[in-house]
Amino acid sequence: MIADPFVQLRLLDLQAVDTVLAQLAHRRRSLPELATIADCDQRAAGVRSRLVDAETSLADLAAEQRRLEADVDTVRQRAEKDQQRMAATGVPAKEIAGLQHEVTSLARRQGVLEDELLEVMESLETAEGQVEQLRSQLSAVLAERATAEAARDEAFGEIDGNLDQRRAERDRLAGTLPADLLALYDKVREVNGGVGAAALRQRRCEGCRLELSGSELGEVRAAKPETVLRCDNCRRILVRTAESGL
Ligand SMILES: [Zn+2]
């Protein structure tokens, strides 16, 4: 392939822009805020699931409390009714004895229910504390995420502005290169870790950092300036510069 030496030098400018573009893309992908956001999401999911459990047991305990309170009410009303009947005039002594017995066992039953109620209320208090703690944990994680998100968006804004600028620069530079040379550069770049063109400086290929052998140097010296050279070692386009050391 043949290209004007000045055009070949422009390949190095294009390479410099492409390298910056790759660095910006890498920086965009590996922002520390992205890891923080992912970590927050994971932690928030864990807290949310524990919160659902805590809220479920809180609701269960509240239902248990209502049930016990209703039971205590029923027992109390029944005992009141019994006592009213006992206080009435003309109740047979046998019935009074039966009522007395029932009132005693109702009082015992009420005591058991009230003990259970007390226990449930204590558990309810503990469960309420847990729910509250988990809710505040969740809002702390979400606040941390929001902060990281804002920092990420700010960094994205800066990087994207930079990327737009560099992409325009790349388009402008690429537009000045012959299509066949540009196609070769892009192809070589793709298979060589993003570097398609390298300068020959102090007899060294700046793509693979190897110094050219005597015979390779001889070939480079003998080549016409407009011949497009490739590094024998890394196959990148080798661009001769004023500091090639030939
Ligand atoms: Zn090389």
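## Zinc site and helix α5

The four donor atoms around the zinc ion subtend angles of 104 to 116 degrees, so their arrangement is tetrahedral. The model is a predicted one. The donors are the SG atoms of C205, C208, C231 and C234, and they coordinate the zinc ion at 2.3 to 2.4 Å. Along the chain these donors follow the spacing C-x2-C-x22-C-x2-C.

Two of the cysteines sit in loops: C208 between β2 (204–205) and α5 (214–222), and C234 between β3 (229–230) and β4 (237–240). The pair therefore ties together parts that are 26 residues apart in sequence. The table gives the accessibility of these two residues.

| Residue | Relative accessible area | Class |
|---|---|---|
| C208 | 22% | partly exposed |
| C234 | 12% | buried |

The cut-off for buried is under 20% relative accessible area. C234, at 12%, counts as buried because of this limit, whereas C208, at 22%, is partly exposed.

The buried residues of α5 are E216, L217 and V220. They cover an arc of only 100 degrees around the axis, which means that they lie on the same side of α5. An α-helix has 3.6 residues a turn, so residues three or four places apart point the same way. The other side of α5 has exposed residues, namely G214, S215, E219 and A222.

The buried residues of α5 are covered by parts of the chain that include β1 (197–201), β3 and β4.

Note on methods. Residues are numbered from 1 along each chain as its sequence is written. This is a predicted model: local features need pLDDT of at least 70, side-chain atom pairs count only at pLDDT 80 or more; totals for chains, interfaces and linings use all residues. Side-chain values use heavy atoms; hydrogens and water are left out. Donors are N, O and S atoms within 2.8 Å of the metal (3.2 Å for Na, K and Ca); water is not among the atoms, so sites may look incomplete. Four donors count as tetrahedral if all angles lie between 85 and 135 degrees; four count as square planar and six as octahedral if opposite donors are over 155 degrees apart and all others between 65 and 115; anything else is irregular. Helices (H or I, at least four residues) and strands (E, at least two) are DSSP runs, numbered from the N terminus. Buried means under 20% relative accessible area, exposed over 50%, partly exposed in between (1.4 Å probe, protein chains only). The arc is that of the directions from the helix axis to the C-beta atoms. Contact means heavy atoms within 4.5 Å.
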